[in-house]
Amino acid sequence: MRAFVTRDLPAPALDRIRAVADVEVWPEPGPPPATALRERVRDADGLLCLLTDTIDEPLLACAPRLRVVSQMAVGIDNVDVAACARRGIVVGNTPGALTETTADLAFALLMAAARRLGEAERLLRAGGWGSWSPLFLAGLDIHHATLGIVGMGRIGFEMARRARGFDMRILYTSPRPCPEAERDLDARRVMLAELLRESDFVSLHCPLTPATRGLIGAGELAAMKPTAVLVNAARGAVVDQRALYEALRDRRIAAAGLDVYETEPLPLDDPLLSLENVVLAPHIGSASVATRTRMAMIAADNLVAGLRGEPLPYAVAAS
Ligand code: DGY
């Protein structure tokens, strides 16, 4: 059997796949271009991919032997799961492994945006620290503020749990109620409009689907408090990025902390880069050594199971 892996992985994960298949690993640091990916999947039985690879119908049409797609991420918006299902290709992802690490990063963005840490560091390095003074770099309090969680899944829950440690009040919106969050974290499920109106911090934790694409646009940003902070460690396209830029520029909301963007990498001429009131990270939500290693091992396990025709430990159901 043959497997194609679209990026170099920790050695133990590759060893696990090599035990059952001939493995080709894309040798470059960036993702394989579409043409190279098409070429590589021609005789592959299994594909281990990242969120930077587009796995769509035209690609699958080039992969007559493919029986498993294993994505090293929890989000699978780059994979046409329905097209895979039509071709009998099973799809796996890595839920659970990155939950707490991603919530840590989302909370770090919340804190950095509230307390203006990016701006403070830039100013200090540029020699702009004159003296201690009453309102110098004064930001927003986090403790006892209201956090609105959009999407109370695993990561949203962990974000809320962190927030409770800061005595924050939790509102959430989610397709289904989360009794655990209501019981253990005193979270209250509300409609999005109320969440936007009431929250001091709004943190996005929903997957990117047709229903959530552009969920936070000009109208939603206008509904937020002028002192509010938006955090996005989910997917960039959940937010209308132009509308967010304008809201931040005009101080219609106070600040944002972002890990994800409509286009990644964020182009260097993106206007967000001109703003002081946004903290920008390069999609590193799950980027701890331990978590990325765990994700690679799970992705390898999914791939191996699919190659062997066994049920995947973490299979994605086609909706
Ligand atoms: C995921 O798993 O979807 C994350 O975005 C990777 O950090």
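This is a predicted model: local features need pLDDT of at least 70, side-chain atom pairs count only at pLDDT 80 or more; totals for chains, interfaces and linings use all residues.
Local features need pLDDT of at least 70, and side-chain atom pairs count only at pLDDT 80 or more, while totals for chains, interfaces and linings use all residues. Residues are numbered from 1 along each chain as its sequence is written, and side-chain values use heavy atoms, without hydrogens and water.

**View 1. The buried residues of helix 1 (residues 11-18).** They are A13, L14 and I17. Buried means under 20% relative accessible area, exposed over 50%, partly exposed in between (1.4 Å probe, protein chains only). These residues lie on the same side of helix 1, because they cover an arc of only 95° around the axis. The arc is taken from the directions from the helix axis to the C-beta atoms. Their packing partners are strand 1 (2-5), strand 2 (22-25), strand 3 (46-49) and helix 12 (289-308). Helices (H or I, at least four residues) and strands (E, at least two) are DSSP runs, numbered from the N terminus.

**View 2. F136 in its loop.** The loop runs between helix 6 (117-125) and strand 6 (146-150). F136 counts as partly exposed, because its relative accessibility is 32%.

**View 3. A237 and its contacts.** A237 sits in the loop between strand 10 (229-232) and helix 11 (241-249). Its relative accessibility is 16%, so A237 counts as buried. A237 touches L208, T212, R213, G214, Y261 and E262, leaving out residues up to four places away in sequence. Contact means heavy atoms within 4.5 Å. A237 and R213 are 24 residues apart along the chain, yet 5.6 Å separates their C-alpha atoms.
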